[in-house]
Amino acid sequence: MALQLNNDLFDLLNALDNALSVPDAWQAGLGFFKKYGGNQITYTHERQDGSIVFLTTLPDWWMTYYLENDYASLDPFIDVGRAYFKPTRFDTRSVNLPISLSAPAAQMLQEFAETGSNSGFVIPTMAPSTMKISGFNIANTMEKQEFSQFYSDKENALVLAAHAVHQRCQELDPQLSRTDVHLAPKKNTSYPLLSPRERECLLWLCKGMRNDAIADRMGITRVTVEMHLRNCRQKLNARTREQAVVTAIKRGFITP
């Protein structure tokens, strides 16, 4: 199987080299991802103006519903893609994502499962330091255990394929402006400025430190750290500390 997988990757790279447009590159990627179990495949890319482009095999009814309900602003897959660079597996039933979910985000995941997406990968294709979201969501109907077994030796190949498709799309049309896409427009949302101490608390939180360690690092009390993080949640309209970190990254208040 490993040899066949390598051959398929080689064929994908050749097809991408010959692609003359983003749709051509997208179709080449779809051929690979579908061959390796992807039923629902989405490429998400944030333009310089803040709007978000979706190339997807998800049904039109879902994308219409998604955009009408402004789900891009609370989509946990987008939040994971902004905050992490390593691929993240998910299961829509157990909601095993590395971020806390608001009630609306959890509801969105339940509704997303109705598209036939039970398990999958979020594969970011840009580093969090860019503060832009770009990546793939590859999902299928497998149950969690079956999914884990099936992809145990294929995850690296999927990551390489995702990065190759992304790179070719960017070479052909960096803003995906010449492609028929689903588009979530930029939201004109303003937030109060964070104080230097608040930004520092969020930065250390982003790096995985707990409140006690942050307090020691900054030379302040744990209570003061908790106060700063509470202020951050209020200023950024975030329900959780993780959402505050993601919003701060998106708005350029901190750089991981």
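This is a predicted model: local features need pLDDT of at least 70, side-chain atom pairs count only at pLDDT 80 or more; totals for chains, interfaces and linings use all residues.
Let me start with a term: a residue is called buried when its relative accessible area is under 20%, exposed when over 50%, and partly exposed in between, using a 1.4 Å probe and protein chains only. At 3% relative accessibility, F90 therefore counts as buried.

Residues are numbered from 1 along each chain as its sequence is written, and side-chain values use heavy atoms, with hydrogens and water left out.

First, the overall picture. The protein has eleven helices and six strands; helices (H or I, at least four residues) and strands (E, at least two) are DSSP runs, numbered from the N terminus. Of its 256 residues, 48% are buried. The C-alpha trace spans about 55 × 40 × 30 Å along its principal axes.

Now the aromatic rings. The structure holds 18 aromatic pairs. Rings of Phe, Tyr and Trp (its six-membered ring) pair if their centres lie within 6.5 Å; planes under 30 degrees apart are stacked, over 60 edge-to-face, and the rest tilted. One of the pairs is F33 with F136: the centres are 5.4 Å apart and the planes at 50 degrees, so this pair is tilted. F33 sits in helix α2 (residues 22-35) and F136 in strand β5 (residues 134-140), so the pair ties together parts 103 residues apart in sequence. Both F33 and F136 are buried.

Back to F90, whose ring pairs with that of F77. Their centres are 4.5 Å apart and their planes at 45 degrees, so this pair is tilted. F77 is in helix α4 (residues 76-83) and F90 in strand β3 (residues 88-91), 13 residues apart, and the pair links distant parts of the chain. F77 is buried, at 7% relative accessibility. F77 and F90 also belong to a cluster linked by ring pairs, with F54, W61, W62, Y65, Y66, Y71 and F112.

F112 takes us to helix α5 (residues 103-112), where A105, M108, L109, E111 and F112 are buried. Which part of the helix do they line? Seen down the axis, the buried residues fall within an arc of 165 degrees, so they line one face of α5; the arc is that of the directions from the helix axis to the C-beta atoms. These residues pack against α3 (60-68), α4, β3 and β5, where contact means heavy atoms within 4.5 Å.
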